[in-house]
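This briefing concerns the fold and the aromatic contacts of one protein. Please consult the sequence and the structure shown here.

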Amino acid sequence: MPNLFLNKFESKSNDELEHIAQDEDQTYVYEARQAAAEILKRRDLDTNAIEQVHSEQLKREKNKKEQAVKSIFNTSNLIKNLNRIPIRGSIERRLKNGNKLHVKRLNKHKYIVKIEAFRSELAPILICKIVDDSRILTYPFINFKGLIGVGFGGTILILILSFFNQLNFSWELSFMSFPVALGFQILLSPLYFVILKFLKETLGK
C-alpha cells in the first residue's frame with residue numbers, strides 16, 4: 001500500500017522533514033515519519049533521523065513476526081486440546097466470571113462451543129472446525145436446543161394463560177414464541193466473538 005504522505009511532504013524543507021522523522025513531540029503517526037525519512041534519503045541527506053526511523057521499522061517487523069508466531073503457537077495448542085476430546089464427548093472449563101465454557105465434539109473435525117450461563121439458551125453457539133494442523137474455522141450458528149426449548153416453553157405459557165383467561169388464544173400467537181426466540185439469538189449474535197475469545201484463552205494456552 002503506497003504511503004500517502006510521500007507526495008504531501010515533497011515540498012517540505014529538510015529541517016521540517018527531520019523534525020517529522022525524529023518526532024520528539026510524538027505528534028506524527030509512523031507512516032508520516034517513514035515518508036519524511038524516505039524523502040530525506042532520496043535527497044542524500046546524512047541525518048540520524050533516517051537511521052532512527054529505519055530502526056523503528058525493524059523493531060515493528062520483529063514484533064509483527066513474534067505476534068504471528070505466537071498466534072500460530074496458540075492455535076496449535078487449541079487444536080491439540082480439542083483433539084484430546086473424544087468423539088461425542090465434551091468438556092467444561094470454568095471461566096473467571098463464574099460461567100462455564102462447554103465444548104462438545106461432534107466428529108473428527110467439528111465441535112460445538114457455547115457458554116453455560118443464565119439464559120444461555122437464548123444465545124447462539126459457535127461451530128469450530130479443524131482445517132489442518134495449524135488452522136481452524138469458526139462461525140456462529142443457531143442454538144437449536146435453546147430455540148426449541150424457549151419456543152415450546154413460550155407456547156405452553158401462552159396456552160396456560162389462555163386457559164385461565166389471562167390471554168386471548170390464537171394459533172398465530174401460540175407460534176410467535178419461536179420467531180421471538182430466533183430473534184433473540186440473532187440479536188445476541190455478537191456473543192460469538194466473546195465465545196471465541198474464551199475458547200482461545202481457555203484451550204489455546
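How many helices and strands make up the secondary structure of the protein? There are eight helices and five strands, taken as DSSP runs numbered from the N terminus (helices H or I, at least four residues; strands E, at least two). The model is predicted, so local features need pLDDT of at least 70 and side-chain atom pairs pLDDT 80 or more, whereas totals for chains, interfaces and linings use all residues. Residues are numbered from 1 along each chain as its sequence is written, and side-chain values use heavy atoms, without hydrogens and water.

**Overall fold**
- The order of elements from the N terminus is α-α-α-α-β-β-β-β-β-α-α-α-α.
- Of the 205 residues, 32% are buried (under 20% relative accessible area; exposed is over 50%, partly exposed in between; 1.4 Å probe, protein chains only).

**Aromatic pairs**
- The whole structure contains two aromatic pairs (Phe, Tyr or Trp rings, the latter by its six-membered ring, with centres within 6.5 Å; planes under 30 degrees apart are stacked, over 60 edge-to-face, the rest tilted).
- F5 and F9 form a tilted pair, because their ring centres are 5.5 Å apart and their planes stand at 40 degrees.
- Both F5 and F9 belong to helix 1 (residues 5-9), four residues apart, or about one turn of the helix.
- F5 is partly exposed at 24% relative accessibility, while F9 is buried at 4%.
- Y192 and F193 form an edge-to-face pair, since their planes stand at 70 degrees, with ring centres 4.9 Å apart.
- Y192 is buried, with a relative accessible area of 10%, whereas F193 is exposed at 57%.
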